[in-house]
Amino acid sequence: MNTLEILFYALSAFAVVSAVMVLVSKNPIHSVLCLILVFFAISGHYILLNAQFLAIVNIIVYAGAIMVLFLFVIMLMNIKLDSEPQKKMIIKFIGVLSGGSLLTLLVALVKQTSQLQGKQVLMKEGTIGLIHPLGKALFTDYVLPFEISSVLFLSAMVGAVIIGKK
Amino acid sequence: MPIQYYIFLCLTLFSIGVVGVLTRRNAIIVFMCIELMLNAVNLLLVAFSKMYHGAALQVSPASTAGIDAQIFVFFIMVVAAAEVSVGLAIIVMMFRNTHSVDINFLNRLKN
């Protein structure tokens with residue numbers, strides 16, 4: 001077992017445990033903090049795959065901006081801990097059962113697929129995850145979607161302001 | 001690292017997100033579980049991109065195959081940021097009207 005595999009298993013276990021903690025913790029603040037841990041673990045996976053640009057963007061955008069937005073909203077609402085509604089036990093059980101069935105079905109399908117047998121993921125090599133090739137592709141082949149996404153941001157900003165002012 | 005390991009990890013994270021959407025009633029937690037599912041898909045896209053890049057490198061050493069998937073992940077993050085700003089504005093508005101973030105109160109479309 002080399003270093004890459006140890007790092008992969010450690011980051012995977014960390015991500016899955018933190019994701020479960022998001023669900024089971026009663027306090028919404030704790031859920032947000034656990035979700036930030038999941039995002040850091042996923043950024044670690046990106047670094048293992050040598051997708052350095054996406055690792056940094058994931059930390060800045062998700063862990064830095066989006067989760068801070070969530071924290072602000074939770075603190076603005078000042079939700080009482082004991083007033084948080086709980087679903088009935090039977091509904092929770094059915095939810096977990098459905099999610100587990102989905103996971104089992106998809107894992108069984110992936111295990112059977114012959115096209116995926118023996119395919120290897122390139123770890124810590126390859127240059128496509130660096131800023132230079134990504135920027136070149138973004139500003140030559142994908143320049144139109146890039147500009148359209150700025151219009152999307154503008155419309156999202158206008159929409160958020162209009163919804164918030166009502 | 002075989003691609004199956006990455007697929008299993010991402011399926012696990014995605015299913016945890018699905019279970020969260022099905023079992024929690026707090027609208028903010030449901031929204032966070034949707035973000036978790038988006039991130040699982042992002043990780044899977046990057047893993048597949050590196051898989052195809054590794055296969056293309058053996059044919060020609062200067063290949064940039066697989067770069068499209070990483071650009072897609074970038075655009076998914078862009079759309080997720082816009083989605084979160086609008087969605088949180090909707091949740092704040094809902095909290096102002098009903099003084100709760102319980103999604104079971106949002107059944108006015110049913111009648």
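Analyst: Axes here are lines fitted to C-alpha atoms, for helices over the stretch in contact, and angles run from 0 to 180 degrees between N-to-C directions. Helices (H or I, at least four residues) are DSSP runs, numbered from the N terminus. This is a predicted model, in which local features need pLDDT of at least 70 and side-chain atom pairs count only at pLDDT 80 or more, while totals for chains, interfaces and linings use all residues. Residues are numbered from 1 along each chain as its sequence is written, and chains are lettered from A in the order in which they are written.

User: Are H1(A) and H2(A) roughly parallel or roughly antiparallel to each other?

Analyst: The axes of H1(A) and H2(A) come within 8 Å and cross at roughly 160°, and the crossing is left-handed, a term for a near helix turned anticlockwise from the far one by less than a right angle. Angles under 35 degrees count as roughly parallel, over 145 as roughly antiparallel, 65 to 115 as roughly perpendicular and the rest as oblique. H1(A) and H2(A) are therefore roughly antiparallel.

User: How many residues does chain A bring to the contact with chain B, and how many of them are nonpolar?

Analyst: Two residues are in contact if their C-beta atoms, placed from the backbone, lie within 7 Å; chain B gives 59 residues to the contact and chain A gives 68. Helices of chain A that each supply at least two residues to this side include H1 (3-24), H2 (28-48) and H3 (52-77). Ala, Val, Leu, Ile, Met, Phe, Trp, Tyr, Cys and Pro count as nonpolar, Asp, Glu, Lys and Arg as charged, and the others, Gly among them, as polar. By these classes the side of chain A that touches chain B has five charged, twelve polar and 51 nonpolar residues.

User: What charged residue is found where H3(A) meets H2(B)?

Analyst: H3(A) and H2(B) pack with their axes 12 Å apart at an angle of about 175°. The residues of their contact divide into eight nonpolar, no polar and one charged. From H3(A) come A:Leu54, A:Ile66, A:Phe70, A:Val73 and A:Ile74, and from H2(B) come B:Ile28, B:Met32, B:Val46 and the charged residue, B:Glu35.

User: Is B:Asn42 buried or exposed?

Analyst: B:Asn42 lies in helix H2 (residues 27-59) of chain B and, leaving aside neighbours within four places in sequence, is in contact with B:Val73 and B:Ile76. A residue is buried if 20 or more other C-beta atoms lie within 10 Å of its own, exposed if 12 or fewer, and partly exposed in between. Because B:Asn42 has 26 other C-beta atoms within 10 Å, this residue is buried.

User: What is the phi of A:Asn50?

Analyst: A:Asn50 lies in the loop between H2 and H3 of chain A, and is partly exposed, with 19 other C-beta atoms within 10 Å. Most residues other than glycine have a negative phi. A:Asn50 is not a glycine, yet has a positive phi of about 60°.
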